[in-house]
Every structure is written in C-alpha cells, then in structure tokens.
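Student: Please take a close look at one part of this model, the aromatic ring pairs, and go through the geometry and surroundings of the rings.

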Amino acid sequence: MKDNIITRFSIWTVLAFCLLSVNGCGEPVAQGRAVYMLMDTSGTYTNQIQKAEMIINYLLGTLDSGDSLAVARIDSGSFSEKDIIAKVTFDSRPSVATSQKRAFRNQIDTFVRNVKSSPYTDISGGMLQAAEYLDETGAGERHILIFSDMKEEIKKGHKRDFELPMDGIKVIALNVTKLSSDNIDPRQYLGRLDEWNKRVVSGGGSWRVINDLDHVETILAGVSG
Amino acid sequence: MLEREFHRINAVVSRDLSGYPNLHRQLNEQIVKIDEDYQQSTEVPPEAPGWAKAVDTVAKLRNDDSGMVGKILVDIHSTIKKSQQTALDDYRKSSSKRHQLLKNMMPYWRKLSLTLSDVDKSIKNLEDRSKAIDQQMENYEKIRRLSPQAERTLSSSSLTQFFISGMILTIATIGGIVNFYLIALPMSEMVGANSMLGPFKASNVAAMVIITLEIAMGIFLMESLRITRMFPVIGMMDDRMRKRMLWATFTLLLILASVESSLAFMRDLLAADREALRQTLSGIQATNPEFRWIPSVGQMVMGLVLPFALTFVAIPLESFIHASRTVIGVGSVGALRLTQVFLRTLGNVFYHTGNMLVSFYDLLIFIPLRFEDLIAFYGKKDKHENPTSHQVNENSVERGHGI
C-alpha cells in the first residue's frame, strides 16, 4: 500500500517535471531592458552621427533576447512615430535575435547614409515619445540615451513647457558638444544641462551626462549592467 | 565487503557447481567406458599347449627311414608348425586389438583428468572465497564486539574512501559544469532565452534537468549492471528484468547523449553566428577560419562522451554516501569533544576567576574590617566603662565576630 502511494507520487512528480521542462517553464517576466536612443539631426550636429552609430553597434552587441531597442531622430517635431528610425524587441531565440540585430544595423546604416539636417531641435517631444515607447515595452530597466548638444529650438507654435513623465527612466545625455556661444559664456552650457537635469528629475527620472565616448563599454555600463 | 563476497560465492556456486550433476553423470559415463575398455583389453592367456608334449614325443621317436612312420612324423611336424604359426598370429592380432583399445582409452583419460582439474579449480576457488568470508566474518565479529582496533580500521578506511570518492566527485562536478555550459546556450533556442523559473533562466534549468537525467540514468545503468547497490529493488530483480532495465537505461542514455551532441553542435553554430555579428558591428570584415570544423567536431564528441563519462559517477557516489555516515559520526564525535574541551576550559576559567576575585576582595576588605574590629573592640571597652553606650555598639560587635 505504502509502496503504491510512493510509486504514484513519483510518477506524478516526474510527469509534472517533464511537462514543465517541455513547455518552456513559464511566461516571460518583466525583467528585460529597453533602450530608446534619440539622435540629434539638427544643424551641424549631423556631423556627429558616426559616433552615434558606434554606440548603436555597441548596444546591439550588448542587448540580448527579450530586450528592446529603438532609435529615433530629433528633428523639428519629434513627438511622432515617424521619427523612429528602427525599433525591435529581440526574440527569445538567440539565432532569431542575431538576425534581428543584423536587420536593425542595416536600417541604421541606410539612415546614416541618407540623413538630412533639420532646422529645429525638438528634444522634449522626442523624450515624450521615448517615455511612451518605454512604458509600452513593460521592461524592468528603461533608458533614454540622448545624442545631442541639448540645445532645444522649438518651432513656432509648438508647446513644450510641460513636465516630462520620466518615472523610473534613466536619462543619459551623450556627447553634449559645446556650442560657440558656450565658449563665450560657459554658464550657458552649464545652465542648459542644469535645466534638463531639473526637468528629468522633477518628472521622476534620473539624469547623467557622459561626454567621453572613447570607452563605450564603460560609458554604457549602467545600461548594459 | 562481506555481502560482496557472498555474492561472489553465489556466482561461483551458480556457475560451476550448478553443472555438477551433469559433470557427475559425465564422469560416471567416462569411468564405465574406461572400465569396459579395460575389461576388453585384458590379456587372454594362451591355451596351454597340450600338444607340445606329443610333438616332443614324436620328435624323439627314432626316425629309421622306414618310410611310412617317418613320413607321418614329418607331416605331423609340419602340421604342428603350421598350427603354432596360426596360434602366434592370433595372439599377435588380439594383442594388437587390446593395444588399440588401450590407445582409444587415452582421450577418455585426458578428458577425465581435465574434468577433475576443473572441479579442483572450482573447489579451490570456493575454498579461497570461503577463506575470504572467514576473514570478513572475523572482522565483522570484531566490529560487533566493538573492539577499538576494528573501530579504528573502520573509521580510517571510511575516511580514505570519503576523501577519494569526494575527490572523484569534485572532478565529476567540474565535468558536469562543462557539460552544462555546452548545452545551456542552445537550450535557450528551445525553451526561450527570457523565460524564467523563479530567479533562474528556464534554459539553464532545462540544461540542468538534462544533465541530472543523464546522471540518474547512469546510476540506474550501474545498478542494473550490479556494479553499485544503492537501490535494493534493482539489485533484487531477476536477471531477465534486470537486463530489460539495463537496455532501457542504456537506450535512454544514448538518446540523451545524442541530443546533447546535437545541442553542442548547435551551440557552436550560434557562437559562430554571434561572433560574426560582433565582427560586423565593430567594423571588421567577418571571416571564416580555416580549421573552424575542429572545435565543432570536438564539441560534438564531448557532448556525446560526457554523459557516458558521468555514468561512472555512480561508483564514487555510492562510496561517498557509505563513507559519509562514518565520517559524519567521527566528525560529530570530534565536534562534541572540542565542545567538551571548550566548555571545560571555560568552566575552569570562571572557577579560577571567581576564586581570584574572592581573594582580591579579601585583600581589599581586610583593612576596613580591621578598622571595624578595632572600633568594636574600643566600643566594648567603652561599654564596660559606660554601660549606656551598650545598645549603640551591639551590632558592630556582632558583625566583627561574624567576620
């Protein structure tokens, strides 16, 4: 009798274990990472786009299955899906994820070759679009990388004086170049960065500036980690 | 050890002595055959030559050439000679036949000798095993009597076994880790890379499940081969059932090893694809190395061989489990002894510290007490001189006496 119970228990345990093993053992949980990269295409900053491409390549090499990556440009009106150059959520199968990375890189290559400069720089609109995308991904870690001089120039009639919803988002400003006017009065540069810091932090996010792109792996350690 | 010896004896008895009735019958047949041949080969003594005297007499008769008698005698002589020759030939023939019979007996003798030698070998083997059992029984009796020597031998033997098997198990664990890394990445292709089972990646858990299944199959295989005896149920199975189980576990192990080999190949492909992507992303032209197939084949072979190598884990595992009982016991005794020494030392420290403190207190208190005694003494003196002061100094006097 006792042996019979033990035998039945063992059989059911083994069956349950096998079923769990075969069925992939559960649903994906919100533990992935999502990165939204904004590339400034206004004015002379377009010349810096090669550096942005290098960072995207690094992100492609670092992000893994289940992570999301989107690259968008900052132009005259950035709060639009049309400004997203490429976006992807990497498949759970590594082989498919590798193919997706190749396709993503090709899209970025095409964009870099044909990029055109825009007259205005709508950073706020781009950040709002980024926050919306990141929320939709439902990722555990959310990052916005802004590749820009952070000098916002809004088209006449556009309203951007609102609080940015940056709750739980880490914002990293990359390669914030100094303008000629900043050289005359460095307080402009510092004030500009301080203003963005306040806007991001008041929206619930965190703010960081990284200008040294020589060691990409250390720069993005916070993102990849 | 003793159990193993009994099993060996059982095997010897089953293998050799089970055929004993047959052997006995063969021996009997051989002996009967030899006996018959021997009976036939006995030399029949030639008949006593009764005519020899007659021949002799005839030969002594005077041959006077009378013609008739002489002729008869010559005829008789020649006839007798012929008869003698015939008898001689017959005798030679029968002798030859007997020799032939004796010659035919040779293989039977040899066969008999071989059979007896086999029996002798079996009995000798049995005798050796019995001696081994006697030795083991003696040890067992010593253990039963809880003799210190047996206890020491047992614990030292267990410690040796424990460390040796522990070392082998460590090596096997490293092998298992290598095996795990070989199949963890391709497993994510099957169960998804971002599926989680609690805090663990599902692909890692699946890879671990395959490895543990391989080890379990290996243990069952070893049990079926009766190399290890961790599961009495398998050990007690009849040979037919045991052979079935042996083949079933071997087949499952082979399937798992094949799966692992293909996963190892897939891992190589995935790694190569990923490396090519990395090269492209860093702006280097992706190249295909000349001897790229060598690591691919190597990984496949490893994937196939490692599960079978892990099968042998069962042997040190059994020793480890058996030895760990004694080692844990020895360890517990050691720990208790250490605790005992520690507590005893602590007790002594407190005891002597207490004594020291009392002595120190005495050293400090004797001065005030001396003063108290002096006061009491002088108080008493005053009481005799002035009786009204008696009540006031009474307490201090009593205390002074107490001390």
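Tutor: The model is predicted, and over all chains it holds 8 aromatic pairs. One of them joins F180(B) and Y181(B): the ring centres are 5.3 Å apart and the planes meet at 75 degrees, so the pair is edge-to-face, given that planes over 60 degrees apart fall in that class. The two residues can be described by their accessibility as well. F180(B) has a relative accessible area of 12% and is buried, whereas Y181(B), with 55%, is exposed.

Another pair is formed by F250(B) and F308(B). Here the centres lie 6.1 Å apart and the planes make 45 degrees, so this pair is tilted. F250(B) counts as partly exposed, at 31% relative accessibility. F308(B) is also partly exposed, with a value of 24%.

Chain B also has a cluster, in which ring pairs link F162(B), F163(B) and F320(B).

A ring can also face a charge, and chain A gives a case. The charged end of K101(A) sits over the ring of F90(A), at 5.3 Å from the ring centre.

Definitions and conventions. Residues are numbered from 1 along each chain as its sequence is written. Chains are lettered from A and ligands numbered from 1 in the order in which they are written. This is a predicted model: local features need pLDDT of at least 70, side-chain atom pairs count only at pLDDT 80 or more; totals for chains, interfaces and linings use all residues. Side-chain values use heavy atoms; hydrogens and water are left out. Rings of Phe, Tyr and Trp (its six-membered ring) pair if their centres lie within 6.5 Å; planes under 30 degrees apart count as stacked, over 60 as edge-to-face and the rest as tilted. Buried means under 20% relative accessible area, exposed over 50%, partly exposed in between (1.4 Å probe, protein chains only). A charge sits over a ring if NZ of Lys or CZ of Arg is within 6 Å of the ring centre and within 35 degrees of the ring normal.
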